[in-house]
Amino acid sequence: MGQRFVIHVPVVAGDLGVAVRLARVVARWSSVLAATDPGETTVSAEDEQGVRHRVFCDLRLSGDRRCLLRTGHDGPCAGRVPR
């Protein structure tokens, strides 16, 4: 694979919990685009952008997919979010 570039799109939220929930929604929505990798979604404080908090578990699954459950979830990993 050649060189990759990452697009950073700032979205502002009032606290970490809200930021994580919003990031989860945005990442799942954007997963309809082939170029997105929602499993890599992180959030950070505006003034500490080097300290990132993962939104998804992100473990690799079969078929080169990633676990899309919350970080630290209970039970087995899944490539789909349970409804």
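Predicted model: local features only at pLDDT ≥ 70, side-chain atom pairs only at ≥ 80, totals over all residues.
Residues are numbered from 1 along each chain as its sequence is written, and side-chain values use heavy atoms, without hydrogens and water. Local features need pLDDT of at least 70 and side-chain atom pairs pLDDT 80 or more, while totals for chains, interfaces and linings use all residues.

**View 1. The largest pocket holds about 1,600 Å³ of space.** A pocket is an open set of points on a 1 Å grid where a 1.4 Å probe fits, with protein on both sides within 12 Å along at least five of seven lines; lining residues have an atom within 4 Å of a point. Of its 35 lining residues, I7, H8, V9, T41 and T42 are closest to the centre. Two or more lining residues come from each of α1 (16-30), β1 (42-45) and β2 (48-54); helices are DSSP runs of H or I with at least four residues, strands runs of E with at least two. Helix α1 contributes the most, eight residues.

**View 2. I7, V9, V11, L22 and V26 make a nonpolar surface patch of about 480 Å².** Such a patch joins nonpolar side chains (Val, Leu, Ile, Met, Phe, Trp, Tyr) within 5 Å, from residues with over 30% relative accessible area and no salt bridge. L22 lies in helix α1 and has a relative accessible area of 32%.

**View 3. E40 and R54 form a salt bridge at 3.6 Å, N to O.** The structure holds one salt bridge, defined as a side-chain nitrogen of Lys or Arg within 4 Å of a carboxyl oxygen of Asp or Glu.

Key: Points joined across faces, edges and corners; volume = space filled by probe spheres on them. Patch = residues over 30% accessible without salt bridge, like charges linked within 9 Å, V, L, I, M, F, W, Y side chains within 5 Å. Areas by Shrake-Rupley, 256 points an atom, 1.4 Å probe, with all protein chains shown as cover. Buried < 20%, exposed > 50% of the residue type's maximum accessible area, 1.4 Å probe, protein only.
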